[in-house]
Amino acid sequence: TDMEDLEAAVAAAEAARLQPSESVYAKAMDLLYEKREALRHLGFAYSEKDLVKALERARKAGLASCDTYLEAKRQLEMRRETGQRSDQQSNVLRALEKALTPPVSRERLERAVRNARVLDLDPNDPTFKAALQRLQEILKVEIVRLTQKIRSGLNQRTLDRDRLDVMQQLKDQLNGMIQAAKDAGIDEADLEDIERLRKKVHNIVEDLKGSIRVFCRVRPLSEKERNQGDTDVIRQIDPMTLEITHHTKSLDLMAKTETHSFRYDAAFAPGNQDAIFADCKELVQSALDGYNVTIFAYGQTGAGKTYTMNGEPGGKEGIGPRTIDEIYRVMALNGSRMKYTVTASIVELYCNEFLDLLPRRDKKEKRKEVEVRWDKDGKEVLYDNLSSDVCPKAQDLRALLARGMEHRKVAQTL
């Protein structure tokens, strides 16, 4: 029933002078006629209604796989998409007009503008331009009010750890306002004041958390430990407290159980990589704001330091790889206003020696010990014999980290 095969068969029958009364010949002639008529209708179907009918006739005639049918079907889909898009744009324009009708709501304007952008509405459309301009005006007024309110609060209130939740809310408000202003197309120069305030509030929040924060993560028992009869003695009481149960025997050989509680800035037993990094990621912003930041893992061999810091591929990356991604994400957000250069070194403290993990030398050459000293003013720590690389992209820094990890010392220390 293929069109070309059917035409060839009918042509052969005509050449063989078969009589049209032959049942098979007659059936083939009828089928060929129906296919040709179906194709003709496809060629002359101009309205969407006629095109739907022609496509259905062609489908019944067995032409669903021919090029003409497929092209007509594609045209119908495009017409419907265009019509649907036109209807959607009309709805968005009506929403913009409604959002501009007093009383004007910022939330309603933002929603209408967002939908207009999703549909690629013409930026020069008068209604769209008016809505965007009105939204910018509202946001500028709200930015002034918010900055005045926050500055007044900072001047009047004593900041301590009890104020942490309040400061966190202010910080979230600032971040939301800045993002809304950027989405509305407000010029970066108009956001410099609120950006400085955001930086100040952000670092107040970090200071309220403590300049030194201690987290504790409990590694689950390994299969080997379970097989040899080891049991868990650590229980998490709350997100900040761990309890350790200690079983002993007294002098009269009576069993004795003691419990000790330890409180940290955060406790994980064991938690997951996402939760661990969530409590660290804000420090990236502090570092880019000009503050010195250090994150390190401390514990005995086999405690899980490497897993927490480096992790493994497949959604289980540790603090190191996630921090790299966060650094470049934050830099990209501020790329229109600031220029960043990332320079990285990797140094290891091993048995009271500092070792460069990115040596540029022959492997047979003896590794030089890194010397750490103060500058002449005693204000800055300097490293001698330490290599460094500029990393323009996140993948460059990831590759550098992987290269450095290959040179780590992994032997047990005493």
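Guide: In this predicted model, the number of disulfides comes to zero, a disulfide being a pair of cysteine sulfur atoms within 2.5 Å. Two of the cysteines may be examined individually. Cysteine 280 has a relative accessibility of 6% and therefore counts as buried, since the term applies to values under 20%. Cysteine 391, at 3% relative accessibility, is likewise counted as buried.

We may now turn to the helices. Two packed helices are described by the angle between their axes and the distance between the axes. Helix H7 covers residues 164-183 and helix H8 covers residues 192-209. The two pack at an angle of about 150°, and their axes lie 9 Å apart. H7 is therefore roughly antiparallel to H8, because angles over 145 degrees are placed in that class. The crossing of H7 and H8 is left-handed.

The residues that form this contact can be named. On the side of H7 they include Leu164, Met167, Leu170, Leu174 and Ile178, together with Gln168 and Lys171. H8 contributes, among them, Ile194, Leu197, Val201, Ile204 and Val205, as well as Glu195 and Arg198. By class, the contact of H7 with H8 comprises twelve nonpolar, three polar and six charged residues.

A second pair of helices can be described in the same terms. Helix H13, residues 319-333, packs with helix H14, residues 394-405, at an angle of about 155°. The axes of H13 and H14 are 9 Å apart. H13 and H14 are therefore roughly antiparallel to each other, and their crossing is right-handed. From H13, the residues in contact are Gly320, Pro321, Ile324, Asp325 and Tyr328. These meet Ala394, Leu397, Arg398 and Leu401 in H14. The residues of the contact of H13 with H14 divide into six nonpolar, one polar and two charged.

Isoleucine 237 belongs to strand E2, which spans residues 234-238. With a relative accessible area of 38%, isoleucine 237 is partly exposed, because that value falls between the limits of 20% for buried and 50% for exposed. Apart from neighbours within four places in sequence, isoleucine 237 is in contact with Leu242 and Glu243. Serine 261 is 24 residues away from isoleucine 237 along the chain, and the C-alpha atoms of the two are separated by 8.7 Å.

How values were computed
Residues numbered from 1 in each chain as written. Predicted model: local features only at pLDDT ≥ 70, side-chain atom pairs only at ≥ 80, totals over all residues. Heavy atoms only, no water. Buried < 20%, exposed > 50% of the residue type's maximum accessible area, 1.4 Å probe, protein only. Axes fitted to C-alpha atoms, helices over the stretch in contact; angles between N-to-C directions. Helix = DSSP H or I, 4+ residues; strand = E, 2+ residues; numbered from the N terminus. Parallel < 35°, antiparallel > 145°, perpendicular 65-115°, else oblique. Left-handed = near helix turned anticlockwise from the far one by under 90°. Contact = heavy atoms within 4.5 Å. Nonpolar A, V, L, I, M, F, W, Y, C, P; charged D, E, K, R; others polar.
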